[in-house]
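The points below are meant for someone opening this structure for the first time. They follow the sheets and then the helices.

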Amino acid sequence: MSFPSAPTEWDLRARTQVQQLRSSAIREVANAAIGTEGVLPFWFGEPDEPTPQDIRDVATSEINAGNVFYVQTLGTNALRESLANYTQRLHGRGSVDQIAVTSSGTSALMTAVQAIVGAGDHVVAVTPLWPNLVEIPKVLGARVDTVSLDFKAEGWSLDVQKLLDSLTKDTRALLLNSPNNPTGWVIDVEDQRTILEHCRRHGIWIISDDVYERYYFEGSSAPTFLDIADENDRVISCNSFSKTWLMTGWRIGWIVAPKATLPEIGKLLEFSTTCTPGFVQAAANHAVNHGEPLIERTVARLKVARDHLSTQLSTVPGIELAAPAPGAMYSFFKVTGVTDSLAFCRDLIHETGLGLAPGVAFGPEGEGYLRWCFASELSRIDDGVARMRTYMERTAR
């Protein structure tokens, strides 16, 4: 028996909204050079240290003990309780029935947006911003408007009134990342209150990307909306183990949401990942309960690296820096005359072996800028700056 062939005129591409998503310019640079000998990679947001041995040992022990079966969709009771205690300690609020464990911080953001945003909804994002967060609502058919931070010598800043003007009664959600990737900007507490009160009046959801909250150089934790929200506020916090506990490859994160929202979040997790592996959750639970010394050491190391990179880059011709940022692990700086940061980064790799992230990856507001992840040894940073200096001096001739 024979069957007719599919019509040749069929369009085999994904739906229009997916086709229109922008691909990662960071990956575009990195994929062309990963594995190349002599390349210095500062393009990804990833510390250069592996996960501490004690965390790895817990996972290995759990696997050897047979903890390889399905676990609860919202997360194991042990980890959810630990995360509730952790959130309570940092922010003065948090309970188990507000916590959902996810398979990565990215999954936390995707799930939170899926729970709140639908086709045709209006979403506002503060940019420059990690591209995934801007594109996620577009996957769902939402319309995303952006409000850009301002670049100033004294540091990046937010025009709060400009943001409030964009948040109308027809806005469904605000997406905000602080400490910010890529700029390191941290929201002011008073600005935070003003934004929350405005969103309360209009019923606007706030989806807060708090992945870098512990990478804060002016206190133990950066200000978040969890500090000031009450249980009836439309506030969802998304977080990750990737940065705080050096667990980027483990792919585990969590959500703090209103109690009434959690059952629907559970449904979405069931339909996407079912559950996060139990042995990964056991390792994460150990990290939460025993990882404060690691966090203190990492933040101290990052602060030294931030200041060192800023000092060194300030002597390179053609680079314009803001003051060292109060959070995250990036320097986001302007390069004189650059109008195509992706092409610049490709040429930088080809000519010097220095791998940086193009500013355009973080939206059109980032064009002309580069992002440098300084979670690295100082000697590698010095090598990278020397390569940057050589390139800038050569191209200036």
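1. Strand 5 (residues 171-177) and strand 6 (residues 205-209) pair in the parallel sense over 5 bridges. Strands here are DSSP runs of E of at least two residues, helices are runs of H or I of at least four, and both are numbered from the N terminus; two strands count as paired if DSSP finds at least two bridges between them. Within this pair, Asn177 stands opposite Asp209 of strand 6.

2. The model is predicted, so local features need pLDDT of at least 70 and side-chain atom pairs count only at pLDDT 80 or more, while totals for chains, interfaces and linings use all residues. Residues are numbered from 1 along each chain as its sequence is written, and side-chain values use heavy atoms, with hydrogens and water left out.

3. Which strands make up the open sheet with mixed pairing, and in what order? There are 7, in the order 2-8-7-6-5-3-4. Strand 2 and strand 4 (143-148) are the edge strands, each pairing on one side only. Direction ignored, neighbouring strands of this sheet are turned by 20° against each other on average.

4. Strand 7 (residues 235-240) is mostly covered, with 6 of its 6 residues buried, buried being under 20% relative accessible area (exposed is over 50%, partly exposed in between; 1.4 Å probe, protein chains only). Val235, Ser237 and Asn239 point one way from the strand, Ile236, Cys238 and Ser240 the other way.

5. Strand 7 has partners of both senses. It runs parallel to strand 6, joined by 4 bridges, and pairs with strand 8 in the antiparallel sense, also over 4 bridges. Cys238 of strand 7 stands opposite Asp209, and its bridge partner in strand 8 is Ile255.

6. Helix 4 lies across strand 2 and strand 8 (253-256), running at about 120° to strand 2. Such angles run from 0 to 180 degrees between N-to-C directions, with axes fitted to C-alpha atoms, for helices over the stretch in contact; contact means heavy atoms within 4.5 Å.

7. Helix 10 (residues 278-290) contains Ala283. Is Ala283 buried or exposed? Ala283 is buried, with a relative accessible area of 0%. Apart from neighbours within four places in sequence, it is in contact with Ile55, Val58, Ala59, Met247 and Trp250. Ala283 and Gln53 are 230 residues apart in sequence, yet 11 Å apart in space, C-alpha to C-alpha. The buried residues of helix 10, including Val280 and Asn285, pack against helix 3 (53-64), helix 4 (77-91) and strand 2 (99-102).

8. Helix 5 (residues 105-116) and helix 6 (residues 131-139) pack at about 40°, their axes 10 Å apart. The contact involves Thr106, Leu109, Met110 and Val113 of helix 5 and Asn132, Leu133, Ile136, Pro137 and Val139 of helix 6. These divide into 7 nonpolar, 2 polar and no charged residues, where Ala, Val, Leu, Ile, Met, Phe, Trp, Tyr, Cys and Pro count as nonpolar, Asp, Glu, Lys and Arg as charged, and the others, Gly among them, as polar.

9. An open sheet of 4 strands has antiparallel pairing and the order 9-10-13-12. Strand 9 (319-320) and strand 12 (357-358) each have a single partner strand, so one side of each lacks a neighbour in the sheet. Strand 12 and strand 13 (residues 369-373) are joined by 2 bridges, and Ala357 has Arg371 of strand 13 as its bridge partner. Helix 11 (residues 292-313) lies across strand 9, strand 10 (330-335) and strand 13, at about 15° to strand 10.
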